[in-house]
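Subject: Structure handover

Hello,

Here is the structure we talked about passing on. Please have it open while you read the notes.

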Amino acid sequence: MKRILFVLSFFISTLCAESPLHTKVLHTQVRVQTTKAGGSGTVIYSEKVDEFFSTYIITCHHVIEDALRVEEKWDPLLGKPRKQEARQSVTVEFFNYGSTPHGKPPLTSGTVADIVTYDVDHDMALLRLRLSQQAKVAKLLPPGKVTEVIVGSPTVAVGCALLHDPVLTTGIITHLGDIIEYKDYWMSNAQIIYGNSGGGMFFVDGGEYFFIGLPSRIAITFGGQAITHMGYFSPITRVYDFFREQLFDFLIPGSTATEVSCKKARDEKKALEERKLQ
């Protein structure tokens, strides 16, 4: 019965021009592209700092991987070669649905974002950009509500499948706690495909849409065919681990940390590590 009610409410919501499904899910999605690859991203923070809105987007590391490289350069202070990381900017495309005639694709606007941090093992990355207007932000599931996500919970997946405009699919949680390469993954049968990586998986609860992870893997048959209804995603628990490990705690709902305090902590850690190398 709960599943039937969810499906009915989902289709009713699509009839509303500015339903929560649009503002909390669809409109929070961006297309992320490097010079060689592309995928999706989810806006998770957009707050005013001075005259701009400091805006953060979470995506998968493998989406932006080719924008990262390590170079060996001469360090005059140390008097010897030193490996340094070079990060290229990536392009983020936002979708403007409000100015689009019915039945037409949304208008897009591209801007440059910086890669502020990433983790290969978690397969996650954070992008930051400054905007003149506040972006639509996904609502992250509070840590205290994580145990409410169970097998059978209704879900919505969204992302730029095959680099298309964001595509919505619905389903349920089909499995929790798969371990792949020593990392925890959850599964939903809301269909995802290549290009959805870095997008969003949302938990539907009482008309609210909570971001619960990033689509990041698809099950593959022995013949190499994608099983799109076995969509693995990096769960919100690991997203929060990533934020804590990279000292971006202010992005966790309920945290008392701020963007400024987290930057100070990162700067102090970086200075300490540099002193160790001298």
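Below is what turned up, by topic.

First, a caveat: this is a predicted model.

**The largest pocket**

Start with the largest pocket. Its volume is about 1,100 Å³. The lining holds 32 residues, and those closest to the pocket centre are Arg 87, Val 116, Arg 266, Asp 267 and Lys 270. Which helix gives the most to this lining? That is α5, with 10 residues. Helix α5 spans 259-277. Four strands also supply at least two lining residues each: β2 (38-49), β5 (80-87), β7 (107-119) and β8 (124-131). By residue class, the lining divides into 16 charged, 12 nonpolar and 4 polar.

**Salt bridges**

How many salt bridges does a search of the whole structure find? The count is 10. Several of them are described here.

Arg 128 pairs with Glu 259, and their closest N and O atoms are 3.3 Å apart. This pair links distant parts of the chain, since Arg 128 belongs to strand β8 and Glu 259 to helix α5, 131 residues apart. Both of those elements also contribute to the pocket lining. Are the two partners buried or exposed? Glu 259 counts as buried because its relative accessibility is 14%, under the 20% limit. Arg 128 stands at 26%, so it counts as partly exposed.

Glu 208 and Lys 139 meet in another salt bridge, at 3.6 Å from N to O. Glu 208 lies in strand β14 (residues 208-220) and Lys 139 in strand β9 (residues 139-140), so this bridge ties together parts 69 residues apart in sequence. Both partners are partly exposed. Glu 208 has a relative accessible area of 29%. Lys 139 has 35%.

The side chains of Glu 148 and Lys 145 form a salt bridge as well, with an N to O distance of 2.9 Å. Lys 145 is buried, at 19% relative accessible area. Glu 148 is partly exposed, at 37%.

There is also a network of salt bridges, which links Arg 31, Glu 93 and Asp 165.

**Surface patch**

Which residues form a nonpolar patch on the surface? They are Leu 162, Tyr 194 and Ile 220. Together they have about 330 Å² of accessible area. Tyr 194 sits in the loop between β12 (183-188) and β13 (200-205). Its relative accessibility is 46%, so Tyr 194 counts as partly exposed.

**Helix α4 and what follows**

Helix α4 covers residues 236-245. Its buried residues are Ile 236, Arg 238, Val 239, Tyr 240, Phe 242 and Phe 243. Arg 238 is a charged member of that list. Just after α4 comes Leu 247, with a positive phi of about 60°.

**Strand β15**

Met 230 lies in strand β15 (residues 226-235). With a relative accessible area of 28%, Met 230 is partly exposed. How far is Met 230 from Leu 129? Their C-alpha atoms are separated by 33 Å, and the two residues are 101 apart along the chain.

Best regards

Notes: Residues numbered from 1 in each chain as written. Predicted model: local features only at pLDDT ≥ 70, side-chain atom pairs only at ≥ 80, totals over all residues. Heavy atoms only, no water. 1 Å grid on protein atoms, 1.4 Å probe; cavity = no way out; pocket = protein on both sides within 12 Å on 5 of 7 lines; lining within 4 Å. Points joined across faces, edges and corners; volume = space filled by probe spheres on them. Patch = residues over 30% accessible without salt bridge, like charges linked within 9 Å, V, L, I, M, F, W, Y side chains within 5 Å. Areas by Shrake-Rupley, 256 points an atom, 1.4 Å probe, with all protein chains shown as cover. Salt bridge = Lys/Arg side-chain N within 4 Å of Asp/Glu carboxyl O. Buried < 20%, exposed > 50% of the residue type's maximum accessible area, 1.4 Å probe, protein only.
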